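Work through the exercises below with the sequence and the coordinates at hand, and try each task before reading its solution.

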Amino acid sequence: MNGEIRDREIRVISSSGEMLGVMSPREALRLAEEENLDLVKISPNAVPPVCKIMDWGKFKFEQAKKAKENRKNQKIVELKEVQLSMTIDVGDLNVKAKQARKFLEAGNKVKVSIRLRGRQMAHSSIAKDVMTGFYESLKDVAAIEKPMNMEGRNIIMILAPAAKK
């Protein structure tokens, strides 16, 4: 920027966007100072480097404003958890499915887990059937992101919101 540009010659673009040609940095700086603006190197790797006459403070302000707007519009996806048991009854399963449906419709991912206790480890196929039934009740709003698998004494599956058609 300004006096820090050390190249022998630079290609200069005016504040209105028109090409002024190749000149020395001293001459370009003089043109920028006549307009009360700054000379900023925008493409240092080009041959010769490209510099533009612009208001540096205004440019930085607008960049910060765009970055703030982008952060504001960004949606943070949370991972919600629904815990089931392998002996869950139909009514309770429907309540859990209704809660998971709310999470998915709000755009969050849902981790469904079943903890197997004691002798239940020997009958993990029943727990997998419960998990499959749970997914079947949410099939219209959910897609399986991570299929069900055993992690220690837990069976875990992650559901993501289904792509809208």
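The exercises that follow concern a predicted model, and they go from sheets and helices to backbone geometry and nonpolar cores.

**Exercise 1.** Determine the strand order of the sheet that contains E1, and describe how E1 pairs with E4.

*Solution.* Begin with the order, which reads E2-E1-E4-E3 in an open sheet of four strands with mixed pairing. The edges are then strand E2 (19–23) and strand E3 (38–43), each of which pairs on one side only. On average, neighbouring strands of this sheet are turned by 30° against each other, direction ignored.

**Exercise 2.** Find what sets the backbone apart at Pro48 and at Asn36, and locate both residues.

*Solution.* The background is that most residues other than glycine have a negative phi, and most peptide bonds are trans. Against this, the peptide bond from Val47 to Pro48 is cis, with omega near -10°, and Pro48 lies in the loop between E3 and E4. Asn36, although it is not a glycine, has a positive phi of about 55°; it is found in the loop between helix H1 (25–34) and E3. With a relative accessible area of 71%, Asn36 counts as exposed, because the cut-off for that class is over 50%.

**Exercise 3.** Describe the sheet that contains E5, and state which helices lie against it.

*Solution.* This open sheet of four strands has the order E5-E6-E8-E7 and mixed pairing. Strand E5 (79–84) and strand E7 (142–151) each have a single partner strand, so one side of each is left without a neighbour in the sheet. Neighbouring strands are here turned by 20° against each other on average, direction ignored. E7 pairs with strand E8 (residues 154–161) in the antiparallel sense over seven bridges, and Asn149 stands opposite Ile156 in E8. Helix H3 (residues 90–105) packs on the sheet, touching E5, strand E6 (109–115), E7 and E8, with a direction that makes about 175° with that of E5. Helix H4 (residues 124–138) lies across E5, E6, E7 and E8, and runs at about 10° to E8.

**Exercise 4.** Identify the members of the largest nonpolar core that touch the most other members, and the element that gives the most to this core.

*Solution.* Of its 24 residues, Leu84, Ile114, Phe134, Leu138 and Leu159 touch the most other members. Two or more residues come from each of E5, H3, E6, H4 and E8, and H4 gives the most, with six residues. Apart from this core lies another, of 10 residues, among them Ile5, Leu39, Cys51 and Ile53.

Terms used. Residues numbered from 1 in each chain as written. Predicted model: local features only at pLDDT ≥ 70, side-chain atom pairs only at ≥ 80, totals over all residues. Heavy atoms only, no water. Pairing = 2+ DSSP bridges. Axes fitted to C-alpha atoms, helices over the stretch in contact; angles between N-to-C directions. Buried < 20%, exposed > 50% of the residue type's maximum accessible area, 1.4 Å probe, protein only. Contact = heavy atoms within 4.5 Å. Core = buried A, V, L, I, M, F, W, Y, C linked by side-chain atoms within 4.5 Å.
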